[in-house]
Amino acid sequence: MAAMAALQSSFTSLSISSNSFLGQPFSPLPLCSPLVKSTQTPGSIVAKLKRWERKKCKPNSLPVLHKMHVKLGDTVKVISGHDKGKVGEITEIIKHNSKVVIREINLKTKHVKSRSEDEPGQIVKIEAPIHSSNVMLYSKDQKVASRVGHKTLDNGKRVRYLIKTGEIIDSAESWKRAVKEKEKTTEAVTASS
């Protein structure tokens, strides 16, 4: 009986409330905002990376980026695949798997669900990526596809040129024009959504 009384007295001396844990104050964890925010605009439709396409990473966990013979804004000709022979301009480059997106080439059908009750679902055509080895740089003037070469100009600037025609590809004006066109299309997509 004496042991039972001692046990009851020890339980009453130990005050457990809803705000404490075994006598120590308990503070709930603060709710944090998500660390990763979505960069995709709600109105744009993009071909995403597949689950089985993993990015190869370096030991510091950064993705391995491959160097390609084409750049943003280059005019290229498709040399293999079902769009063989078509000519277009590069609109996007995916460096970790060496793929490029070409305007109006390799169109795929995407079924989009309705986002709200009043908006109907739709079927849209999107440009899917093509591997960079399946495209070749193209000269609009002489209508010929060619491999790319590198040479240093007299002023010390290193540029790319077409081997068959000798035409220099890299120029500051064409690069600025391609970047401005890409910015305009992203602004138009964000404005429409």
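## Close-up views of a predicted model

**View 1. Strands β11 and β12 form a hairpin.** Strand β11, residues 148–152, pairs with β12 in the antiparallel sense, over 5 bridges. This is a predicted model. Between the two strands of the hairpin lie 5 residues. Gly 156 takes a positive phi near 90° in this hairpin.

**View 2. Asp 170 meets Arg 160 through side chains.** Asp 170 sits in the loop that runs between β12 (158–162) and α2 (172–192). Its side chain makes a polar contact with the side chain of Arg 160, at 3.0 Å. Leaving aside neighbours within four places in sequence, Asp 170 is in contact with Lys 71, Val 159 and Arg 160.

**View 3. Six strands build an open sheet.** The order of the 6 strands is β8-β5-β4-β3-β9-β10, and the pairing is antiparallel. At the edges are β8 (130–131) and β10 (144–146), each of which pairs on one side only. Strands of a sheet pair through backbone hydrogen bonds, either parallel or antiparallel. Within this sheet, β3 and β4 run antiparallel and are joined by 3 bridges. Lys 77 stands opposite Val 87 in β4.

**View 4. Gly 81 lies in a loop of the chain.** The loop in question is the one between β3 and β4 (87–94). Is Gly 81 buried or exposed? Gly 81 is exposed, because its relative accessible area is 52% and exposed means over 50%. Asn 106 is 25 residues away from Gly 81 along the chain. The C-alpha atoms of Gly 81 and Asn 106 are separated by 9.1 Å.

**View 5. The largest nonpolar core has 13 residues.** Which residues have the most contacts inside this core? They are Val 70, Val 76, Val 100, Ile 102 and Val 135. Three strands each supply at least two residues of the core: β3 (75–78), β5 (99–102) and β9 (135–139). In soluble globular proteins, nonpolar side chains tend to be buried together.

**View 6. Val 70 touches residues from several parts of the chain.** Not counting residues up to four places away in sequence, Val 70 touches Val 76, Ile 90, Ile 93, Val 100, Val 135, Leu 137 and Arg 160. Val 76, Val 100 and Val 135 are, like Val 70, among the residues with the most contacts inside the core. Arg 160 links this view to the second one, where its side chain makes a polar contact with that of Asp 170.

Key. Residues are numbered from 1 along each chain as its sequence is written. This is a predicted model: local features need pLDDT of at least 70, side-chain atom pairs count only at pLDDT 80 or more; totals for chains, interfaces and linings use all residues. Side-chain values use heavy atoms; hydrogens and water are left out. Helices (H or I, at least four residues) and strands (E, at least two) are DSSP runs, numbered from the N terminus. A polar contact is a pair of N or O atoms within 3.5 Å; within protein, one must be able to donate a hydrogen and the other to accept it, and residues adjacent in sequence count only if both atoms are side-chain atoms. Contact means heavy atoms within 4.5 Å. A nonpolar core is a set of buried Ala, Val, Leu, Ile, Met, Phe, Trp, Tyr and Cys residues joined through side-chain atoms within 4.5 Å. Buried means under 20% relative accessible area, exposed over 50%, partly exposed in between (1.4 Å probe, protein chains only). Two strands pair if DSSP finds at least two bridges between them.
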